[in-house]
Amino acid sequence: MPSEDVKKVYPNLKGAATARFEIRAPLTVEQQQQQQDVLITATPFVNGEAGTMLLTLIEPTLPLPPEEYIQYIGGGFTNIGLEFLGYFIQRGGLEASDRVLDVGCGIGRMAYTLAYYLNAQGSYEGFDIHKPLIEVVAETFGDRCQNFRFEHADIYNPMYNPEGPVQAAEYRFPYPNERFNFVFLTSVFTHIRAPEVRQYLDEIHRVMKPGSCCVLTCFLLNRESESYIRRGSSGQNIVHKLEDCFTSTLEVPEEAIGFKEPLLLEWISKRGLRVVGKYYGGWCGRPDLTSYQDILVLQKD
């Protein structure tokens with residue numbers, strides 16, 4: 001079965017141009033009668049080792065947000081949501097019955113695919129600082145997902161919420177202690193400075209149940225990534241020092257922020273969180289990697 005789209009989706013994957021595969025997915029009688037809203041997951045094994053999980057949706061009926069908002073967040077919606085759902089399941093151990101918190105939920109790119117994975121015992125809560133996005137995601141989901149809830153966090157941000165009255169370094173998540181057993185942040189630590197990151201780590205630890213996991217993306221500065229930046233291979237020129245972080249532009253620092261890897265890992269450890277998974281991304285020019293940003297998987301003991 002020719003799979004010409006593999007090269008398009010994973011341009012840096014070795015052998016993508018000649019990739020061929022066939023997936024057979026037996027459906028239950030109920031699924032055969034209603035071939036809509038079906039999530040199919042498959043994990044390839046090569047020489048006994050699991051590869052990256054593949055996911056697809058068959059005839060999803062949950063409406064997509066308006067295209068203008070999808071472009072506003074950089075384009076890509078369902079495909080990116082499915083990619084990260086695979087990371088959440090395979091790397092973070094996400095279960096269908098988990099209570100999930102999405103820090104920086106945007107227009108629901110991650111919530112969309114989670115709606116097809118979480119069961120009636122699971123739940124989802126997300127917040128974002130950009131109020132128009134919260135209004136869009138609330139309209140998109142409407143009454144379809146009773147166990148999904150979205151909230152506007154009126155936090156100051158020079159790019160996304162310049163009128164916000166609350167500083168992110170002082171923000172307390174609007175949830176009780178130990179409420180969630182899965183927390184994730186995608187493209188959040190790449191847009192906030194060091195004091196905000198430390199506060200968010202405090203709050204993440206507070207709202208997580210013992211034994212639960214957190215998956216976050218970031219730009220980690222280490223010997224390898226910095227060498228790619230010096231060569232001009234990086235898509236993010238994160239070289240300007242700003243307090244305890246680095247940015248690609250001092251004019252608008254929040255556009256792209258990175259952290260020295262040992263320092264960020266130290267902040268994580270001091271807050272009672274343990275790094276149980278580290279996956280470097282291709283943002284700096286690393287070849288043959290599927291994810292763009294670096295991914296950390298944290299566990300609260």
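UniProt places the feature "domain: Methyltransferase" at residues 100-211, in an unreviewed entry. UniProt positions follow the numbering used here, feature names are shortened, and annotations may be inferred rather than shown by experiment. The model is predicted: local features need pLDDT of at least 70, side-chain atom pairs count only at pLDDT 80 or more, and totals for chains, interfaces and linings use all residues. Residues are numbered from 1 along each chain as its sequence is written, and side-chain values use heavy atoms, with hydrogens and water left out. Over residues 100-211 the chain is 28% helix and 22% strand. The end C-alpha atoms of this stretch are 14 Å apart. Helices (H or I, at least four residues) and strands (E, at least two) are DSSP runs, numbered from the N terminus.

Seven strands form an open sheet with mixed pairing. Their order is β7-β6-β5-β8-β9-β15-β14. Two strands pair if DSSP finds at least two bridges between them. Strands of a sheet pair through backbone hydrogen bonds, either parallel or antiparallel. β7 (148-152) and β14 (273-279) stand at the edges. Each has a single partner strand, so one side of each is left without a neighbour in the sheet. On average, neighbouring strands of this sheet are turned by 15° against each other, direction ignored. β14 and β15 (residues 294-300) run antiparallel and are joined by six bridges. Gly277 stands opposite Val297 in β15.

Two helices pack on the sheet. Contact here means heavy atoms within 4.5 Å. Helix α6 (residues 131-141) touches β6 (123-128) and β7. The direction of α6 makes about 160° with that of β7. Helix α9 (residues 261-270) touches β9 (208-218), β14 and β15. Its direction makes about 145° with that of β14. Axes are lines fitted to C-alpha atoms, for helices over the stretch in contact, and angles run from 0 to 180 degrees between N-to-C directions.

A nonpolar core is a set of buried Ala, Val, Leu, Ile, Met, Phe, Trp, Tyr and Cys residues joined through side-chain atoms within 4.5 Å. Buried means under 20% relative accessible area, exposed over 50%, and partly exposed in between (1.4 Å probe, protein chains only). The largest core holds 40 residues. Leu114, Tyr124, Phe148, Phe150 and Phe184 touch the most other members. Helix α4 gives the largest share of this core, six residues. Leu114 touches Leu85, Leu94, Val100, Tyr124, Phe148 and Phe184, not counting residues up to four places away in sequence. Another core, of 37 residues, lies apart from it and includes Tyr200, Met208, Cys245 and Phe259.

The count of salt bridges comes to 13. A salt bridge is a side-chain nitrogen of Lys or Arg within 4 Å of a carboxyl oxygen of Asp or Glu. Arg179 and Glu125 meet in one, at 2.7 Å from N to O. This pair links distant parts of the chain, 54 residues apart: Arg179 lies in the loop between β7 and β8, and Glu125 in strand β6. Arg179 is partly exposed at 24% relative accessibility, whereas Glu125 is buried at 4%. Asp294 forms a salt bridge with Arg286, with the closest N and O atoms 3.5 Å apart. Asp294 is buried at 0% relative accessibility. Arg286 is also buried, at 5%. Salt bridges that share partners join Glu125, Arg149, Glu151 and Arg179 into one network.
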